[in-house]
Amino acid sequence: MRAAPRDNVAMPQILPLDDRSIAIAAEHIRAGRLVAFPTETVYGVGGDATNGEAVAAIFEAKGRPRFNPLIVHVPDMIAARRIGDFDKRAEELASRFWPGPLTLVVRRRADNGISELACTGLDTLAIRMPAHRGARTFLAEANRPLAAPSANRSGKVSPTTAQHVAEELGDAVALILDGGPCEVGLESTVLDMSGEEPVLLRPGGVPLEELEEALGRKIAVAKAGVTVVSPGMLESHYAPGLPLRMNAKKAEAGEALLGFGPAPDATLNLSETGNLREAAANLFAHLRSLDRPDFAAIAVMPIPEQGLGRAINDRLRRAAAPRG
Ligand code: TXA
Ligand code: MG
């Protein structure tokens, strides 16, 4: 049974996928707005991965209670190499399975312009080149790498038609490109190629056996809950080296003050106007730049526990948790 549209959510514009609608969609992306688009796997909600506030708007649209790293979509190999480091094995996999439902996690290129929020401060990046022709035309036209998780509200199933997307996201997206039902209907396979050993992080459109055959070896499968993106492991990845203190009114001696709202004494401010989207966009970059030995600790001013504030506080709480 299909869910009824959510109350008091305006329906977004839906246009059939063609050159004209792609041009409009590309404009929206460059202006920092979100566009839902079909891929061969599922519909994605895309935003400019180099624009932190657009990435924050994606998390907001999905209503996610926590930040997780997003897949960055590219139209071709040139765009892929610009943002990620492809070693020989990753190049081989890309040439064999791209375009297609395979996402490769590789080391992130320094200064690649991708927002810290899109990869949640990790030094790796998940990259995918979709097989869907219209999707690739849109990506090329937008001329930006697109962060694009599945276009559903958090906790709901991934949408495979434009109508599903409209019901899920309402007018949180500027436009939905309607390319009909998705062919695969299942997300891309996520393969981590950033370390010594390849690791399957998420089963999906490309079967494990085909990847093993291509690599000529067995691939370790990350158990649910112990992948690099599970909360437990994230702690060691994301936590700043310095102790972190939440809900601080002011800094104690030696502390850096991370402000939110008006705060003349802040060392850095997540958002002087108290804008949660701006704060989310700045979160990982600011934590990173305050995490240096000149300070004894990072004191963070209170962030309201609503909307994106929940995901921001979730991240801060885990960074503040005592480490063993
Ligand atoms: O089929 C798909 O892949 C769809 C369509 C829209 O392309 N996209 C999608 O994106 O599912 P997303 O962002 O929801 O997928 C994120 C997955 C998660 O399992 C996440 O943990 C993993 O990719 N991921 C992203 N960046 C990662 C990283 N740096 N290291 C490890 N895993 C990463
Ligand atoms: Mg999803």
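Helices (H or I, at least four residues) and strands (E, at least two) are DSSP runs, numbered from the N terminus, and a loop in this briefing is named by the elements on either side of it, as with N247, which is found in the loop between β13 and β14. This is a predicted model, in which local features need pLDDT of at least 70 and side-chain atom pairs count only at pLDDT 80 or more, while totals for chains, interfaces and linings use all residues. Residues are numbered from 1 along each chain as its sequence is written, chains are lettered from A and ligands numbered from 1 in the order in which they are written, and side-chain values use heavy atoms, with hydrogens and water left out.

**The two domains**

- The domain assignment of the chain, whose bounds come from an automatic or database domain assignment, gives domain 1 (13-221) and domain 2 (244-320).
- The C-alpha centres of domain 1 and domain 2 lie 29 Å apart, and their contact (heavy atoms within 4.5 Å) takes 16 residues from domain 1 and 14 residues from domain 2.
- The size of an interface is often given as the accessible area lost when the parts come together.
- Domain 1 and domain 2 bury about 1300 Å² between them, with 63% of it on carbon and sulfur atoms; buried area here is the accessible area (1.4 Å probe) that two parts lose on being put together, summed over both.

**Helix α1**

- Helix α1 (residues 19-30) has 12 residues, which at 1.5 Å a residue should span 16 Å, and this agrees with its end C-alpha atoms, which are 17 Å apart; the expected span of a helix is 1.5 Å times one less than its number of residues.
- In α1, the residues S21, I22, A25, A26, H28 and I29 are buried, where buried means under 20% relative accessible area, exposed means over 50%, and partly exposed lies in between (1.4 Å probe, protein chains only).
- An α-helix has 3.6 residues a turn, so residues three or four places apart point the same way.
- The face of α1 turned away from its buried side carries the exposed residues D19 and R20, whereas the buried residues of α1 are covered by elements including β1 (13-16), β2 (35-38), β3 (43-48) and α5 (133-142).
- At the start of α1, a side-chain oxygen of D18 reaches to within 3.1 Å of the backbone nitrogen of R20, and just after α1, G32 takes a positive phi of about 90 degrees.

**T39, a buried loop residue**

- T39 is found in the loop between β2 and β3, and T39 counts as buried because its relative accessible area is 3%.
- A polar contact of 3.0 Å joins the side chains of T39 and R128; a polar contact is a pair of N or O atoms within 3.5 Å, and within protein one must be able to donate a hydrogen and the other to accept it, while residues adjacent in sequence count only if both atoms are side-chain atoms.
- The side chain of T39 also reaches the backbone oxygen of V42 at 2.8 Å.
- Leaving aside its neighbours within four places in sequence, T39 is in contact with R128, P130, H132 and C182.

- E255 has its place in strand β14 (residues 255-259), and at 15% relative accessibility E255 counts as buried.
- The side chains of E255 and R245 are joined by a polar contact of 2.8 Å, and the side chain of E255 reaches the backbone nitrogen of E252 at 2.8 Å.
- Not counting residues up to four places away in sequence, E255 touches R245, K250, F295, A297 and A299.
- K249 lies in the loop between β13 (244-245) and β14, and at 70% relative accessibility K249 counts as exposed.

**Backbone details in loops**

- The peptide bond from W98 to P99 is cis, with omega near -10 degrees, and P99 lies in the loop between α4 (88-97) and β6 (102-108).
- D111, in the loop between β6 and β7 (124-128), has a phi near 55 degrees, a positive value in a residue other than glycine, and D111 is exposed, with a relative accessible area of 81%.
- N247 has a positive phi of about 50 degrees although it is not a glycine, and N247 is partly exposed, with a relative accessible area of 48%.
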